[in-house]
Amino acid sequence: MPDLQSFESDAQGLLLRRPLVAGVLAERGDALVVTGLGSATYDAAAAGDDDANFYYWGGMGLTAMTGLGVAIAQPDRRVLVITGDGDMMMGVGSFATIATRAPVNLAILVLDNEQFGETGEQAGLSGGKASLSEMARGAGFENAMTVDGSADPAEMMQLLYETPGPALCVAKVAKGNEERVLPSLDGAYLARRFRENLGYQKP
Amino acid sequence: MGWSEEVLEVLNRNEVGTIATVPDAGLTGVLNLCDAAPDKEVVTLSSEEEGVGLMLGLWLGGRRGAIFMQSSGVGNCINALSVPAATRTPCVMLVTMRGQWGEFNPWQVPMGKATQPVMETMGVHCYSVEDTKDIAPAFNAACGLAFNGGFAAAVLIHQRALGTKVF
């Protein structure tokens with residue numbers, strides 16, 4: 001994405017999640033992608049379904065840990081977790097677990113709209129005093145940043161795909177819900193598809 | 001050979017490479033053996049449910065793992081156990097029980113009493129063992145069920161097997 005000067009943002013300077021996720025995934029190469037329940041899953045599906053995507057539909061708080069598992073199992077592939085601020089906040093202890101294990105091939109993109117979008121846009125915790133990127137730094141992430149509409153796309157791509165992990169980018173995105181684009185709800189199918197794409201058959 | 005060595009053998013036989021844990025006293029021996037094994041890694045968790053998310057990721061990527069924890073940690077895993085159920089992926093757990101047999105600490109009793117019913121309600125296949133000689137065979141059976149069939153399976157090591165903790 002060398003010619004892109006900035007990602008789309010709104011009048012408040014907040015990033016627009018759909019074009020952001022589409023832009024990030026356009027550069028994925030052979031990266032393996034795990035998405036968090038709710039809007040992050042829909043954003044990734046809207047960017048185009050892919051056999052190398054695994055979508056969470058439940059299990060709130062676990063997405064980053066599943067990313068860690070894939071990163072341990074596939075050390076030669078970049079692994080990108082895309083999730084929301086609520087899922088990451090619920091699993092905030094996993095920052096310490098991940099930083100301690102220190103997978104160099106894992107990056108996390110948090111789409112931070114500071115609200116529980118799926119349940120009625122109630123205020124979340126990341127819009128007040130709590131900063132996910134500072135919490136990650138405190139847990140041992142050396143590469144963690146929060147960005148908004150002024151973000152340099154090249155810098156963000158480097159963090160997500162090239163910087164030795166674990167790396168975290170918290171992207172402040174506009175509030176509100178986008179149209180729901182739903183991938184398969186069948187978890188067994190999604191898991192089997194992801195494994196088969198990597199050459200594993202059973203069960 | 002003690003049960004910890006036997007469990008390490010079962011881990012080897014089933015090609016389990018990653019052990020995720022919030023430790024317990026009764027698991028010290030087998031965790032130390034895993035730490036020392038060149039082909040194993042131990043991932044320390046901040047809370048047990050992280051292990052359930054980790055097991056899914058390992059399996060998605062073609063690697064096998066297991067969670068070692070105390071029965072109190074099972075309570076932290078309840079909603080997370082939806083994940084192996086919904087994805088029909090393996091989740092192998094080795095659980096040392098508290099609150100079950102002459103427990104001195106009343107705070108351990110409610111979750112100790114609830115551990116197996118809660119797990120079974122969430123779809124986990126449980127093998128409870130009261131004798132250390134049965135731990136490794138049960139763990140092997142749990143691995144077989146999980147890795148071949150895509151199930152969550154747990155071995156619950158009864159307090160009678162390891163002795164009740166006292167102060």
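In chain B of this predicted model, 74% of the contacts between residues at least 6 apart in sequence join residues at least 24 apart. The secondary structure of the chain comprises eight helices and six strands, which follow one another from the N terminus in the order α-β-α-β-α-β-α-α-β-α-β-α-β-α. Along the principal axes, the C-alpha atoms of chain B occupy a box of roughly 45 × 35 × 25 Å. A compact globule with 167 residues would have a radius of gyration near 15 Å, and the 14 Å computed for chain B agrees with this. Of the 167 residues in chain B, 53% are buried.

Helix α3 of chain B covers residues 49-60. At 1.5 Å a residue, its twelve residues should span 16 Å, and the distance of 17 Å between its end C-alpha atoms agrees. Twelve of the twelve residues of α3(B) are buried, so the helix is largely enclosed by the rest of the structure. Just after α3(B), Gly62(B) adopts a positive phi of about 90 degrees.

Helix α6 of chain A spans residues 132-139, and its buried residues are Leu132(A), Ser133(A), Met135(A), Ala136(A) and Ala139(A). Viewed down the axis of α6(A), these residues fall within an arc of 160 degrees, so they line one face of the helix. They pack against the helices α4 (85-90) and α5 (94-101) and the strands β4 (106-112), β7 (143-147) and β8 (167-172) of chain A. Just after α6(A), a positive phi of about 120 degrees is found at Gly140(A).

In chain A, the peptide bond from Gly165(A) to Pro166(A) is cis, with omega near 0 degrees. Pro166(A) belongs to the loop that connects α7 (153-161) to β8 of chain A. Ala102(A), a residue other than glycine, has a positive phi near 55 degrees. Ala102(A) is located in the loop between α5 and β4 of chain A and is partly exposed, with 13 other C-beta atoms within 10 Å.

In chain B, Glu15(B) has a positive phi of about 55 degrees, although it is not a glycine. Glu15(B) sits in the loop between α1 (3-13) and β1 (16-21) of chain B. With 11 other C-beta atoms within 10 Å, Glu15(B) is exposed.

Notes. Residues are numbered from 1 along each chain as its sequence is written. Chains are lettered from A and ligands numbered from 1 in the order in which they are written. This is a predicted model: local features need pLDDT of at least 70, side-chain atom pairs count only at pLDDT 80 or more; totals for chains, interfaces and linings use all residues. Helices (H or I, at least four residues) and strands (E, at least two) are DSSP runs, numbered from the N terminus. The expected span of a helix is 1.5 Å times one less than its number of residues. A residue is buried if 20 or more other C-beta atoms lie within 10 Å of its own, exposed if 12 or fewer, and partly exposed in between; C-beta atoms are placed from the backbone. The arc is that of the directions from the helix axis to the C-beta atoms. Two residues are in contact if their C-beta atoms, placed from the backbone, lie within 7 Å. The radius of gyration is taken over C-alpha atoms; the globule rule is 2.2 Å times the number of residues to the power 0.38.
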